[in-house]
Amino acid sequence: PVPSDFYDYALALTDREREFLGELRSTLDREVAPIVDDHWDRAEFPAAVPGIIARAGVVGLGYPETRPFENSATFRGWTAFELARVDASTATYVGVQNGLVAGSIGVCGSEAQRAEWLPKLASGEVVGAFGLTEPLSGSDSAKGLRTTARRDGDEWVLNGSKRWIGNATFSDMTIIWAKDEVDGQVKGFIVPTSTPGYTATKIEHKMALRMVQNADITLEDVRVPASSKLEHANSFKDTSSVLRQTRAEVAWLAAGVAAGAYEAALRYTTERIQFGRPIAATQLVQHHLATCLGNITASIGMCVRVSEMLDAGEQRDEHSALAKAFVTSRMRETVALAREMCGGNGIVTDYGPGRFFADAEAIYSYEGTREMNHLIVGRAVTGHAAFV
Ligand code: FAD
């Protein structure tokens, strides 16, 4: 168990699941932790990460085609927690590759699409990206999407632009969500990035998640075969079923970020001496530590339940929206307190909380801002959609 799992929630996992998480933790400590600060500073994604992640086997754990053993959604949530506890950029890379990309194919793909892509995503042979957001459409992507898809014989022709697309500076394929010009419905397409007319440009000057890369994408008469359309992605409802699952995973990821920051602050405050004693021996620092631990413990409890609901077939959009909104809010308070407890050293990356503090801002906004997720919850509990 990790120090931030104060109520030992992980004890409810099977032995095999716990063993897997222990191995993942050692891999991350040994191979990822030593390289993240430097790459974060330089805003570069380490070329080694896709291989490390593929060997750790965390992509495709949810699908019969690629899982090494049967496992629970709670266990898969813990993998996001463990990744984020070490580095939010690495966890976000996996969130895209596994949740958004393998997730789109797992939820909306045909048997043939699953058989073709899921093993390649799991082994890292293919790196994927997920293109929904556009320069002029973020929160309103259900209605406001401008990228178009036109059927032309046995091909689809895609035109438009995308923004913020994670992993897209080096992805081999990108799932592009576009509106069918005929029926006006949002559909998903598997687009190899080598297709003529497809261009991705790195977004510079990020102050959060600097290590993971995001891109602007333009699509100019990009032609893909009809078989590239995700078979079961025929309206935004289908996109939402992918996002329902990934939002719950982002809640786990956010709990992991909070845990990483808290554990770094705990270490720092027990070592840092002021007024002749460790600052952890003061009442106010203990109050901050307990606030952080309360946030993390409540967050894990919520994450566990929302994952159990997925396994039981009971998880609805509003369940995962509430978890994403609540846990990322608690994360934001926790990383700020952790940074504060490290004083000046809290604003440099060397001590941990500084990087978690900056990265938390992006996680707070991606996969639906707090406002959007609250509106999903509000619609469910009142019966009134208040988006517009
Ligand atoms: P906007 O929609 O312009 O919103 C701006 C503000 O207005 C927000 O606070 C929002 O809550 C508020 N707002 C909007 N409408 C309302 C309303 N009706 N009521 C109240 N408040 C409202 N997208 C992808 O498709 N793929 C990715 O891989 C991806 N990765 C990302 C990685 C990072 C680091 C970031 C920052 C973003 C990523 N995104 C990705 C995009 C992300 O999902 C969007 O940024 C997010 O959905 C918000 O959209 P927006 O930035 O356009 O903000």
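Predicted model: local features only at pLDDT ≥ 70, side-chain atom pairs only at ≥ 80, totals over all residues.

Visitor: Which values describe residues 129-222 and residues 239-381?

Guide: For residues 129-222 the unreviewed UniProt entry lists "domain: Acyl-CoA oxidase/dehydrogenase middle", and the chain there is 4% helix and 52% strand, with the end C-alpha atoms 16 Å apart. The annotation "domain: Acyl-CoA dehydrogenase/oxidase C-terminal", also from an unreviewed UniProt entry, covers residues 239-381, where the chain is 78% helix and 3% strand and the end C-alpha atoms are 22 Å apart.

Visitor: Why are helix 7 and helix 8 called roughly antiparallel?

Guide: Two packed helices are described by the angle between their axes and the distance between the axes. Axes are lines fitted to C-alpha atoms, for helices over the stretch in contact, and angles run from 0 to 180 degrees between N-to-C directions. Helix 7 (residues 236-271) and helix 8 (residues 283-311) pack at about 155 degrees, with their axes 9 Å apart. Angles under 35 degrees count as roughly parallel, over 145 as roughly antiparallel, 65 to 115 as roughly perpendicular and the rest as oblique, and helix 7 and helix 8 are therefore roughly antiparallel to each other.

Visitor: What is the handedness of the crossing of helix 7 and helix 8, and which residue classes make up their contact?

Guide: The crossing of helix 7 and helix 8 is left-handed, a word used if the near helix is turned anticlockwise from the far one by less than a right angle, with right-handed used if clockwise. The residues of the contact of helix 7 with helix 8 divide into 18 nonpolar, five polar and no charged, where Ala, Val, Leu, Ile, Met, Phe, Trp, Tyr, Cys and Pro count as nonpolar, Asp, Glu, Lys and Arg as charged, and the others, Gly among them, as polar.

Visitor: How do you know the relative direction of helix 4 and helix 7, and what about helix 1 and helix 2?

Guide: Helix 4 (residues 88-108) and helix 7 have axes that come within 9 Å and cross at roughly 155 degrees. That makes helix 4 roughly antiparallel to helix 7, and their crossing is right-handed. For helix 1 and helix 2 (residues 49-56), the axes come within 11 Å and cross at roughly 160 degrees, and therefore these two helices are roughly antiparallel to each other; the crossing of helix 1 and helix 2 is right-handed.

Visitor: What makes F20 buried and D8 exposed?

Guide: A residue is buried if 20 or more other C-beta atoms lie within 10 Å of its own, exposed if 12 or fewer, and partly exposed in between, with C-beta atoms placed from the backbone. F20, in helix 1 (residues 15-42), has 23 C-beta neighbours inside 10 Å and so counts as buried. D8, in the segment before helix 1, has 8 C-beta neighbours inside 10 Å and so counts as exposed.

Visitor: Why does W164 count as buried, and what is its phi?

Guide: W164 is found in strand 3 and counts as buried because it has 20 C-beta neighbours inside 10 Å. Its phi is positive, about 75 degrees, although W164 is not a glycine.

Visitor: Which residues come nearest to the ligand, and which strand supplies the largest share of the shell?

Guide: Of the 21 residues around the ligand, G138, S139, G166, T369 and E371 come nearest, a residue being near a molecule if its C-beta atom, placed from the backbone, lies within 6 Å of it. Strand 3 gives the largest share of the shell, three residues, and by class the shell has 10 nonpolar, nine polar and two charged residues.

How values were computed. Residues numbered from 1 in each chain as written. UniProt positions renumbered as here; feature names shortened; annotations may be inferred.
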